[in-house]
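Here is a short briefing for a reader who is new to this structure. Please look over the sequence and the model before reading on.

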Amino acid sequence: MSNTPQPAPVVSEHLELKARNVSFGWEKTPLHWIPGDPFTGHTINVLHLLLPAGERWFVHVYKQVLPYIRDERLREDVIGFIGQEATHSAAHDDVLPHLKALGLDPTPYTAQVDWLFEKLLGDRTLPPGRARRWWLMERVATIAAIEHYTAFLGDWILNADALDERGADAVMLDLLRWHGAEEVEHRSVAFDLFMHVDGSYRRRARTWATAFAALLFLWQRGARFFMENDPSLLDGKATVGAFLRAGRQGTLPTAGAMARSIPRYLSRTYHPSQEGSTAQAVAYLASSPGANGGR
């Protein structure tokens, strides 16, 4: 258990976390679900490539760390987190056959992502004791760093009015906002768990650097894959300039907002409750068609 003082939440707003029975119908969602803007749509589509394998990995790691949890409420939170992440993985996985039916086969890229999480970040043959615990704590810290960015993205998508103004597909927006709302809802769990079982600041900073670099690499690679393999584009390219323009238009997060998120996570007083609004997330979850029986 960590001997490091744990930053306190900004507001006490504990919720019972639960997996929701969601349903999304993709029959009418076009390949370019943001009209006239394939680059932005494909940049966001990278989520469908990364999240199924990534969130299955979260679940796998957290099942291993459950025996280390000595706080009953935190244990319940982690179990709720596991349920939500498993549902996220399945929901994004369901989008991939639709993309393939529209002529964009994601299999070559998802195979690489699967290798990353299952092999590079998977279980290792280590002796019981210190070495095995070290590798488990490294992965727990990495998940906390990744969850900082999923909460950041969740808060962004809940407030991305520009996507509605551009006529983005309602079903895709609902999937993204349901997922984003749950990321905001459970945004403190991964960090609280890391602080409970380890809490080393050096490990937090080191794994943040690794996770951030990996996410940037995978995201730009995924966007490039989609643009180059989109059957309706003659010379599709994913460029930094296009990303910056989309940020200025509000259809993607801005580079500035992403940069400002870095010192927040690395601050010794950081707590995830500083990111996003639980009330906004809960309100969206209560109104989401996909999270309420597809109404």
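The points below go by topic, from the core to the charged pairs.

This is a predicted model. Its largest nonpolar core has 85 residues. The structure also holds 13 aromatic pairs, and the count of salt bridges comes to 13.

**The nonpolar core**

- Nonpolar side chains tend to be buried together in soluble globular proteins.
- Tyr-62, Val-78, Leu-163 and Leu-193 have the most contacts inside the largest core.
- Helix H1, residues 38-65, gives this core its largest share, 14 residues.
- Leu-193 touches Tyr-62, Val-65, Ile-69, Leu-74, Val-78 and Val-140, with residues up to four places away in sequence not counted.

- Asn-45 is found in helix H1.
- Is Asn-45 buried or exposed? Asn-45 is buried, because its relative accessible area is 0% and buried means under 20%.
- Asn-45 touches Trp-33, Met-172 and Phe-226, again not counting residues up to four places away in sequence.

**Aromatic pairs**

- Tyr-109 and Phe-225 form one of the 13 aromatic pairs.
- The Tyr-109 and Phe-225 pair is tilted, with 5.9 Å centre to centre and 35° between the planes.
- Which helices does this pair link? Tyr-109 is in helix H4, residues 107-120, and Phe-225 is in helix H9, residues 201-229.
- Tyr-109 and Phe-225 are 116 residues apart, so the pair links distant parts of the chain.
- Tyr-109 and Phe-225 are both buried.
- Trp-134 and Trp-135 form a stacked pair, 6.2 Å centre to centre, with 25° between the planes.
- Trp-134 is partly exposed, at a relative accessible area of 43%, whereas Trp-135 is buried, at 8%.
- Ring pairs also join Phe-24, Trp-26 and Trp-178 into a cluster.

**Charges over rings**

- The charged end of Arg-204 sits over the ring of Tyr-265, 5.6 Å from the ring centre.
- The charged end of Arg-268 sits over the ring of Tyr-201, 4.0 Å from the ring centre.

**Salt bridges**

- Side chains of opposite charge can pair when their charged atoms come close.
- Arg-20 forms a salt bridge with Glu-185, and their closest N and O atoms are 3.2 Å apart.
- Arg-20 lies in the segment before H1, while Glu-185 lies in helix H7, residues 170-185.
- Arg-20 is buried, with a relative accessible area of 17%. Glu-185 is buried too, with a relative accessible area of 12%.
- Glu-72 and Arg-75 meet through their side chains in a salt bridge of 3.9 Å, N to O.
- Why are Glu-72 and Arg-75 separated by about one helical turn? They are 3 residues apart in helix H2, residues 72-93.
- Arg-75 is partly exposed, with a relative accessible area of 23%.
- Asp-235 forms a salt bridge with Lys-237, the closest N and O atoms being 2.9 Å apart.
- Asp-235 is exposed, because its relative accessible area of 57% is over 50%.
- Glu-138, Asp-198, Arg-203 and Arg-206 belong to one network, joined by salt bridges that share partners.

- Glu-275 is in the loop between helix H11, residues 255-266, and H12.
- Glu-275 counts as buried, at 6% relative accessibility.
- What does Glu-275 contact beyond its neighbours within four places in sequence? Its contacts are His-148, Arg-187, Arg-264 and Tyr-270.
- Val-282 is in helix H12, residues 278-287.
- Val-282 counts as partly exposed, at 36% relative accessibility.
- Val-282 and Val-184 are 98 residues apart along the chain, and their C-alpha atoms are separated by 9.0 Å.

Methods:
Residues are numbered from 1 along each chain as its sequence is written. This is a predicted model: local features need pLDDT of at least 70, side-chain atom pairs count only at pLDDT 80 or more; totals for chains, interfaces and linings use all residues. Side-chain values use heavy atoms; hydrogens and water are left out. A nonpolar core is a set of buried Ala, Val, Leu, Ile, Met, Phe, Trp, Tyr and Cys residues joined through side-chain atoms within 4.5 Å. Buried means under 20% relative accessible area, exposed over 50%, partly exposed in between (1.4 Å probe, protein chains only). Helices (H or I, at least four residues) and strands (E, at least two) are DSSP runs, numbered from the N terminus. Contact means heavy atoms within 4.5 Å. Rings of Phe, Tyr and Trp (its six-membered ring) pair if their centres lie within 6.5 Å; planes under 30 degrees apart count as stacked, over 60 as edge-to-face and the rest as tilted. A charge sits over a ring if NZ of Lys or CZ of Arg is within 6 Å of the ring centre and within 35 degrees of the ring normal. A salt bridge is a side-chain nitrogen of Lys or Arg within 4 Å of a carboxyl oxygen of Asp or Glu.
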